[in-house]
Amino acid sequence: MDTRPLPLSLRQFTAPEDVSPELRNALVDCWIEVTNAGGAAGFPFPPIDAHLAGPAVDPLVAGLGPRSSRLLVASIDDELVGWLNVRRDDVRLVAHWGTLHHVQTRTGLRGRGIGAALVRRVREIARDEMGLEQLRLAARGGVGLETFYGRLGWREVGRWPGALRLAPGDDRDEVLMVLAPL
């Protein structure tokens, strides 16, 4: 595997109008690629296509706002190679924490630090720009995500045993993780 550093650019989007049709399509394409390669990115039953991924991207983009939801995109030479979404609920009781969603990296570039760069940067954005005190996520067990996030400072705080049924006889835990303090 090539381990040379990548010329990675990270850019965040905080408003729907800032997401161009080309970027929207790149998000859809990445989501399709990741899901169809077996990634745990929100669609548990591949294969998917743009008819499924597009309607999932559109409300995510429509919900962007500086206080409530940010999209973080990783690019190399202006080509999307990964992305994630961080959201907070504005209900005062829980507005001090946010949730990480849809951490994705193009399959041909996995293991090159793109996902880690996205997660490190979103930690700074959540703390310094959104004023959050902690981040949470739920990950599919059995695919090594606990190890990936653990290396980045996240800790497992619980599991829903057998919560995800991918196929008969293939039940996976939903792993609950937290990053605090930011």
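**Backbone geometry, helix packing and nonpolar cores**

Proline 181 is located in the segment that follows strand 7, where helices (H or I, at least four residues) and strands (E, at least two) are DSSP runs numbered from the N terminus. The structure is a predicted model, in which local features need pLDDT of at least 70 and side-chain atom pairs count only at pLDDT 80 or more, whereas totals for chains, interfaces and linings use all residues. Residues are numbered from 1 along each chain as its sequence is written, and side-chain values use heavy atoms, with hydrogens and water left out.

Most residues other than glycine have a negative phi, and most peptide bonds are trans. Proline 181 is joined to alanine 180 by a cis peptide bond, with omega about -5°. A cis peptide bond also joins proline 46 and proline 47, with an omega of about 5°; proline 47 belongs to the loop between helix 1 and helix 2. For aspartate 77, a residue other than glycine, phi is near 50°. Aspartate 77 lies in the loop connecting strand 2 and strand 3 and counts as exposed because its relative accessibility is 68%; buried denotes under 20% relative accessible area, exposed over 50%, and partly exposed the range in between (1.4 Å probe, protein chains only). Histidine 102, likewise not a glycine, has a positive phi of about 60°. Histidine 102 is placed in strand 4 and, with a relative accessible area of 21%, is partly exposed.

Two packed helices are described by the angle between their axes and the distance between the axes. Helix 1 (residues 21–36) packs against helix 2 (residues 50–62) at an angle of about 125°, and their axes are 9 Å apart. Axes here are lines fitted to C-alpha atoms, for helices over the stretch in contact, and angles run from 0 to 180 degrees between N-to-C directions. Helix 1 is therefore oblique to helix 2, given that angles under 35 degrees count as roughly parallel, over 145 as roughly antiparallel, 65 to 115 as roughly perpendicular and the rest as oblique. The contact (heavy atoms within 4.5 Å) brings Arg24, Leu27, Val28, Trp31 and Ile32 of helix 1 against Ala50, Ala53, Gly54, Ala56, Val57, Asp58 and Val61 of helix 2. Nine of the residues in this contact of helix 1 with helix 2 are nonpolar, one is polar and two are charged; Ala, Val, Leu, Ile, Met, Phe, Trp, Tyr, Cys and Pro count as nonpolar, Asp, Glu, Lys and Arg as charged, and the others, Gly among them, as polar.

In soluble globular proteins, nonpolar side chains tend to be buried together. The largest nonpolar core comprises 26 residues, of which Leu100, Leu135 and Trp154 have the most contacts inside it; such a core is a set of buried Ala, Val, Leu, Ile, Met, Phe, Trp, Tyr and Cys residues joined through side-chain atoms within 4.5 Å. At least two residues of this core are supplied by each of strand 2 (69–76), strand 3 (79–88), helix 3, strand 5 (134–140) and strand 7 (170–179). Helix 3 gives the largest share of this core, seven residues. Apart from this core lies another, of 22 residues, including Phe13, Ile48, Val57 and Leu64.

Leucine 135 touches Val86, Gly98, Thr99, Val122, Arg123, Ala126, Trp154, Met177, Val178, Leu179 and Leu182. Leucine 182, in the segment after strand 7, is buried, with a relative accessible area of 11%. The contacts of leucine 182 include Arg123, Ala126, Arg127 and Leu135. Between the C-alpha atoms of leucine 182 and leucine 164, which are 18 residues apart in sequence, the distance is 29 Å.

Alanine 138, placed in strand 5, is partly exposed at a relative accessible area of 44%. Its contacts are Glu174, Val175 and Leu176, and the C-alpha atoms of alanine 138 and valine 175 are separated by 5.5 Å, although the two residues are 37 residues apart along the chain. Arginine 106 occupies the loop between strand 4 (97–105) and helix 3 (114–129) and counts as buried because its relative accessibility is 16%. Ala26, Asp29, Cys30, Glu33, Leu80 and Val81 are touched by arginine 106.

Note on methods: Lists of a residue's contacts leave out its neighbours within four places in sequence.
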